[in-house]
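Reader: I am new to this structure and would like to learn how to read it. Could you walk me through it step by step?

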Amino acid sequence: MTHRQVLEALSGLLLVLFVAMISATIVSVALPQIIGALDGTQSQYTWVVTASLLASTASTPIWGKLADLFDKKLLLQIAIVIFMVASLACGFAQNTGQLIAFRAVQGLGMGALQILTQVVLAAMITPKERGRYNGYLGAVMAVATVGGPLLGGLIADTSWLGWRGCFFIAVPFTIAAFGLLAKTLHLPTVRRSGVSIDYWGATLIAAGVSVLLIWVTFVGNDFDWLSWQTAAMVIGGLLLLAVATWVESKVREPVVPLHIISRRTPAFAILASLAVGMAMFGGSVFLGQYFQIGRGYGPTAAGLMTIPMMIGVLLSSTISGKMVSRSGRTKPYILVGLVVLLAGFAGLATIDHETTLVLVSAYMLLVGIGVGMSMQNLVLVIQNTVPLSEIGAASGAITFFRSLGGTVGVSVLGAVLANRVASDIAAGLAKAGIPVTGDAAAASGSLNIAALPEPVKQIVRAAYGEATGHIFLISAGIAVVGLLAAAFLKPARLRDSLDLPAPNPKQEAASTSA
């Protein structure tokens, strides 16, 4: 494709990515109001996010594999329709159970849009030039992430729209993206005979992860850490994942290609992506809650306060993308990004309900810079190591594990937050001499803070402010793991060709050992 054709198609792809990204960020700031209106709990708050992430995670490798087998443009259009229908259903949800179910369906579309955008881009542009275009992707993700909370806050604060408008707003974007792609995206249709989709592998992986996440959500509250429920869930989840690994080693077209992720460079890139996934999802989910419940701001103000993190993503992804294309190297930028990410998390670990907003903004800016410098560059690292025929599977694998990191991160951090908040509220009520009955009792389970008496409301805000800093201390520890993984990445230059050259037997043996 010529440069003009690439830019025309890229306009449709960027709008698709914008649709997928804004669907998560536009809801993040409105979630406290949504769960309060539907009379939900902190655990349900977490699962509204986790359901979409889990569905997206489980389906991402399948979409990536389908992109290697079928018409990429048609798959993208199907994903847009799925996403649009699910968004409408979320807007009409009457309780948290329905909302969680519809969010899971929405996650199928979200996962498809995010991975297929990268796959289509990889089919058009060489890895070295792709750094510049990945910078555009990062910029759009930043705009969606910045604009999403602001738009979500404004919609939630508008009486005639309300929180349901946060889901309905996706419909015009999806219609526009569908039409734009139909006109501008022109790729050759590649069909392979003997198509084999590993549904068993995807199902087992999703089931194993789901069981472990359900255990994390309820352990410590509904049953003890040392109990038969814990044993059943942990052993059952690990067994399902072990069987999934065995299936992936036997099937002809695995959703998670072990021959790719077992190599040194992809393996460490994937491990680093887990940390970045937690940063990207955990930060946006719990910071919005911190500003509203822990600090008492409304949805619009909470959206404005997340801007520093998104500015960091916007600037660092755009600048580092151009520098990567110019130098052909990715590892230095990934390492610097993860160091900055660690510093940002370490700062956020010190916040409470009285920390000055200047400091909170500075820490969020560091987190945004770290995510922007590392996220897309880790995708480039893996894409640079595989032939064009495996681009879809490789992109799907790293996106799968990054989403898995976000899913596990949100679930684990949400469970820790819920437990810490419950104990802090109980201690605060006891210290204030307030009996744990009526509204005071509801404080530990409900997020409808506006309905609480003023003394109880202050105790709840303090509890959320303290607990938020605690969960980011855990995030800092995981960022250390990501940094160590990135340090072991093999330095390499991005190739100038669209596909890998055919290796001779000696080169092939050397690459296999690497």
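Predicted model: local features only at pLDDT ≥ 70, side-chain atom pairs only at ≥ 80, totals over all residues.

Reader: What percentage of the residues in the protein chain is buried?

Author: Buried means under 20% relative accessible area, exposed over 50%, and partly exposed in between (1.4 Å probe, protein chains only). Of the 514 residues, 56% are buried. Accessible areas come from the Shrake-Rupley method with a 1.4 Å probe, and for residues only the protein chains shown count as cover. The chain's accessible surface is about 19700 Å², with 69% belonging to carbon and sulfur atoms.

Reader: Which residues have the most contacts inside the largest nonpolar core?

Author: A nonpolar core is a set of buried Ala, Val, Leu, Ile, Met, Phe, Trp, Tyr and Cys residues joined through side-chain atoms within 4.5 Å. The largest one has 138 residues, and Ile34, Leu113 and Leu348 have the most contacts inside it. Helix 1 (residues 3–28) gives the most to this core, with 14 residues. A second, separate core has five residues, including Trp215 and Ala415.

Reader: Which residues does Leu113 touch?

Author: Contact means heavy atoms within 4.5 Å. Setting aside residues up to four places away in sequence, Leu113 touches Val16, Val19, Ala20, Leu76, Ala79, Ile80 and Phe83.

Reader: Where does Thr468 lie, and is Thr468 buried or exposed?

Author: Thr468 lies in helix 19 (residues 454–487) and is buried, with a relative accessible area of 2%. Beyond its neighbours within four places in sequence, Thr468 is in contact with Phe286, Tyr290, Ile351 and Leu417.

Reader: How do I read the length of helix 10?

Author: The expected span of a helix is 1.5 Å times one less than its number of residues. Helix 10 (residues 228–250) has 23 residues and reaches 33 Å from first C-alpha to last, close to the 33 Å expected. Its buried residues are Thr230, Gly237, Ala244, Val247 and Glu248.

Reader: How many salt bridges does a search of the whole structure find?

Author: Side chains of opposite charge can pair when their charged atoms come close. A salt bridge is a side-chain nitrogen of Lys or Arg within 4 Å of a carboxyl oxygen of Asp or Glu. The search finds one: Asp424 with Arg420, whose closest N and O atoms are 3.4 Å apart. Asp424 is partly exposed at 23% relative accessibility, and Arg420 is partly exposed at 30%.

Reader: Which residues form a nonpolar patch on the surface?

Author: Patches are made of residues with over 30% relative accessible area and no salt bridge; like charges are joined within 9 Å, and nonpolar side chains (Val, Leu, Ile, Met, Phe, Trp, Tyr) within 5 Å. Here Ile311, Leu315, Ile319, Met323 and Leu365 form the nonpolar patch, with about 410 Å² of accessible area together. Helix 14 (residues 307–327) supplies the largest share, four residues.

Conventions:
Residues numbered from 1 in each chain as written. Heavy atoms only, no water. Helix = DSSP H or I, 4+ residues; strand = E, 2+ residues; numbered from the N terminus.
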